[in-house]
Amino acid sequence: VGTDKRTGKKFVRVYAGKDPVTGRTMKPSMTLSADPTDDEVARAVEVLELQSGIAKRTGKAPTIGGLVAYYLESRILYGMSPTTVESYESNARCYVYPYIGSIAYDKATPAVFSSLYRELLARGGRKGDGISQQTVKKLHSFLSGCFKTLSVDGVIEHSAISGVKTPKGGSPEAKALSERDFAKLRAHLERSDHPLDRALWVDLHTGIRRGELAGFFLGDYRPSAPSIRVARGLYQVRGNGGSLLYKDPKSKTSKRIMAVDLGTSAIVGRQIDYIDAMLGESGIDVGSTTPLFPRSDGSPHRPGEYNDRLKKLVKELHLEPSTTLHTLRHTHATYLLERGVNIKTVQERLGHSTIQTTLNIYGHVLEGRDASAANEFADLSAAIGMGFGAFGGGTEDGRKTRSEAIGKNGINDI
């Protein structure tokens with residue numbers, strides 16, 4: 001373990017023998033924070049030993065924490081979204097490392113994970129209360145994928161989590177802004193000259209993800225038939241100096257062209273005027289790859305800055321404290337569905353890979369349609385009944401014929 005004199009951060013380096021081809025000594029290393037814990041150092045050593053093959057050559061049994069850390073180190077290289085990796089890292093820090101991270105994997109059994117889930121449900125929260133069933137399910141999904149991948153790669157012989165059951169419970173309902181909070185936020189965003197507020201307006205009126213919002217280029221906007229193209233996302237990579245990475249959206253269906261309303265088109269137009277003035281004064285060329293929401297030097301805002309701006313507005317406008325950037329996405333979808341927009345259209349706007357994903361998240365919004373459906377069918381039934389009388393078909397004594405009752409083009413006209 002040493003200290004980088006330039007950055008002040010600690011690093012871990014291990015001796016991995018000599019390269020059989022070049023004969024050079026191999027000393028892989030990993031950078032840590034300036035003040036890592038003993039457990040963080042130990043996990044870093046494990047990761048390096050696994051990466052270099054030392055653990056396999058020596059027969060050293062890795063810990064659960066070491067294997068999880070090793071898995072996370074390679075996920076971005078294998079194409080996993082940086083935001084997904086960030087979420088997994090958070091799960092590992094909060095629920096894996098402190099509870100079962102030090103357990104040797106060759107001692108791990110399904111009971112270890114079942115006990116972990118029970119403990120987390122009872123008192124795994126920050127305040128000593130339990131975490132939600134949905135959080136446990138997400139943790140289980142992460143760990144299952146982790147150990148299955150390591151098993152396939154030959155790092156471990158089998159997945160110790162196989163067969164473990166998670167607690168039963170429905171998916172959480174997506175929480176949208178109340179109409180009161182919606183009106184307050186909309187009124188502020190509409191009159192604000194803050195560039196990030198214009199970005200939040202676009203987010204609310206399109207339901208796009210944070211990375212997609214941060215990844216917009218000027219050339220993605222089409223004013224002639226107001227629309228905006230989702231072609232990439234911008235992500236901040238943890239553990240790499242916080243560098244920014246442009247990447248394809250979350251799934252194939254996430255690449256899409258979204259129509260925007262005239263009000264949103266006007267907001268984007270104001271943003272473009274702002275870009276021309278701001279960057280023009282600095283002598284910076286403006287082109288199709290200029291970020292739609294740039295800093296004064298033409299570089300993109302980091303995704304987290306959109307969250308920070310919304311948090312500030314939540315306090316200033318006295319909105320529901322739990323409001324996040326994802327709340328705006330839920331709001332867009334929820335209000336569309338409540339107004340009767342087809343769920344397939346909503347799926348396409350959100351960029352979900354399947355309609356089932358949309359149903360799982362927003363199915364509760366559709367429940368209120370049942371009464372409407374019952375009334376619609378009753379109207380249909382009455383109209384058909386008028387055409388055939390109380391007990392039979394139409395007659396020649398002045399009652400409406402079937403074609404007159406249901407329209408020339410059939411039942412679909414009713």
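This report walks through a pocket, a cavity, a helix pair and a salt bridge in a predicted model.

## Ground rules

Because the model is predicted, local features need pLDDT of at least 70 and side-chain atom pairs count only at pLDDT 80 or more, while totals for chains, interfaces and linings use all residues. Residues are numbered from 1 along each chain as its sequence is written, and side-chain values use heavy atoms, with hydrogens and water left out.

## The largest pocket

Let's start with the open space. A pocket here is an open set of points on a 1 Å grid over the protein atoms alone, with protein on both sides within 12 Å along at least five of seven lines. The largest one has a volume of about 2,500 Å³, where volume is the space filled by probe spheres set on the points, joined across faces, edges and corners.

Its lining (residues with an atom within 4 Å of a point) runs to 49 residues, and T83, S87, K138, K250 and H326 lie nearest the centre. Helices (DSSP runs of H or I, at least four residues, numbered from the N terminus) that supply at least two lining residues each include α4 (82–100), α6 (133–152) and α12 (325–338). The largest share, nine residues, is α4's. Sorted by class, the lining has twelve nonpolar, 25 polar and twelve charged residues; nonpolar covers Ala, Val, Leu, Ile, Met, Phe, Trp, Tyr, Cys and Pro, charged covers Asp, Glu, Lys and Arg, and the others, Gly among them, are polar.

## One cavity

A cavity is a set of grid points where a 1.4 Å probe fits but cannot get out. The count is one cavity of 30 Å³ or more, and the largest cavity has a volume of about 40 Å³. E46, E49, L50, A55, K60, A61 and P62 line it, with helix α1 (residues 38–52) giving the most, three residues.

## Two crossing helices

Axes are lines fitted to C-alpha atoms, for helices over the stretch in contact, with angles from 0 to 180 degrees between N-to-C directions. Those of α8 (residues 195–206) and α11 (residues 303–316) come within 10 Å and cross at roughly 95°, so the two helices are roughly perpendicular (65 to 115 degrees). In contact (heavy atoms within 4.5 Å) are L196, D197, A199 and L200 of α8 with E305, Y306, R309, L310 and L313 of α11.

## A salt bridge

D193 and R270 form a salt bridge at 3.6 Å, N to O (the cut-off: a Lys or Arg side-chain nitrogen within 4 Å of an Asp or Glu carboxyl oxygen). D193 sits in the loop between α7 (179–191) and α8, and R270 in helix α10 (residues 262–281), so the pair ties together parts 77 residues apart in sequence.

Note on methods: Parallel < 35°, antiparallel > 145°, perpendicular 65-115°, else oblique.
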